[in-house]
Amino acid sequence: MSIRSKLLLAAAVATSLFSPLAQADQLDDIKKKGEVVIGVLGIDEPNSFVDPKTREFIGYEIDLAKAVARKIGVKPVFKQVAVAARIPELQQGHVDLLAASLTHNKERESQVDFGLTHLVTGSKVLVKKSSGIQNLSELAGKKALTVKGGTQGPNLLRAVPTADVVTFETTQQAFQALQQGKGVAYVNDEVSLLSDVAKLGAAGKDYLVLPQNLNIEPLAFGIRKGETAVKAAVDQTLRELEKSGEAEKLFLKWYGPESRIKFAKRHFKIESDKVDQ
């Protein structure tokens, strides 16, 4: 073989070794190890939180994640992650999937892939009634509290550019800071706000969720970029849950009239992975 031929062969081998097609498929890896590691917040009722009796993770996204694991034929292993660490944990391979109240938006599409939207909610603002605040515009120049690494702070600043946004590591810390008077407003998705107020019991009457939506938040599973087989497994699971009616049942279980959230009905279907913003 000539030197030129040898060089061409070596280049071809090197190219094949480092091409995407030569990389191990993540879904095959998951099946081989017999488990799928799923990143969850674990403090965001009713999506994922700890059952005080069993000390295990439960919730709407936990149930959906378990269904995905069953579809793949592996054991689900849940790993708690912080809001700001969700995407890095996925990118660095510390988790295989995210079921962590992850908002699907155009900006994040450059970082991760997304499954079908499994929940549609919206960011809102919670205030103490004693503050006298009734509208978003009244937050101008005032401290608003929220979680670090979420979409809520930027959403508020788009609506009220002069608001003073203060972030905390967890939503629980931000909500506690509101109760302690460290700010006049707490920003989170509507579902979480309703859940937090419900936990206060009788004291919940002292708080008000402002009626204005800051935005629409489509939540979805986070999937490592380019892992088409994993995305196909996630999406097929969700489509089957929707078709069978199980998705509706799970929503009503965690969000319906008999739940802590008490939504009257579901206003969306699990059918698309497209977003407008």
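## Ile38 and the nonpolar cores

In this predicted model, Ile38 touches a set of residues beyond its neighbours within four places in sequence: Ala65, Pro76, Val77, Phe78, Lys79, Val95, Leu97 and Ala99. Ile38 is also among the residues with the most contacts inside the largest nonpolar core, which has 38 residues. Tyr60, Leu97, Phe221, Val234, Leu238 and Tyr255 are the others named for having the most contacts there. Two or more residues of this core come from each of α2 (26-33), β1 (35-40), α3 (60-72), α8 (228-244) and α9 (246-255). The largest share is that of α3, which gives eight residues.

## The five-stranded sheet

An open sheet is built from five strands with mixed pairing, in the order β11-β10-β12-β9-β13. The edge positions are taken by β11 (164-168) and β13 (207-209). Each of these has a single partner strand, so one of its sides has no neighbour in the sheet. On average, and with direction ignored, neighbouring strands are turned by 30° against each other.

The pairing of β9 (residues 123-128) with β13 is antiparallel and runs over three bridges. Lys128 is placed opposite Tyr207, a residue of β13. Helix α7 (residues 190-199) lies across β9, β12 (185-189) and β13. Relative to β12, the helix α7 runs at about 120°.

## A cis peptide bond

The peptide bond between Glu45 and Pro46 is cis, with omega about 10°. Pro46 belongs to the loop that links β2 (43-44) with β3 (48-50).

## Positive phi outside glycine

Arg55 is not a glycine, yet its phi is positive, near 65°. Arg55 sits in the loop between β3 and β4 (57-58). The relative accessibility of Arg55 is 60%, and exposed means over 50%, so Arg55 counts as exposed.

Lys262 likewise is not a glycine and has a positive phi, of about 65°. Lys262 itself is exposed, with a relative accessible area of 55%.

Definitions and conventions:
Residues are numbered from 1 along each chain as its sequence is written. This is a predicted model: local features need pLDDT of at least 70, side-chain atom pairs count only at pLDDT 80 or more; totals for chains, interfaces and linings use all residues. Side-chain values use heavy atoms; hydrogens and water are left out. A nonpolar core is a set of buried Ala, Val, Leu, Ile, Met, Phe, Trp, Tyr and Cys residues joined through side-chain atoms within 4.5 Å. Buried means under 20% relative accessible area, exposed over 50%, partly exposed in between (1.4 Å probe, protein chains only). Helices (H or I, at least four residues) and strands (E, at least two) are DSSP runs, numbered from the N terminus. Contact means heavy atoms within 4.5 Å. Two strands pair if DSSP finds at least two bridges between them. Axes are lines fitted to C-alpha atoms, for helices over the stretch in contact, and angles run from 0 to 180 degrees between N-to-C directions.
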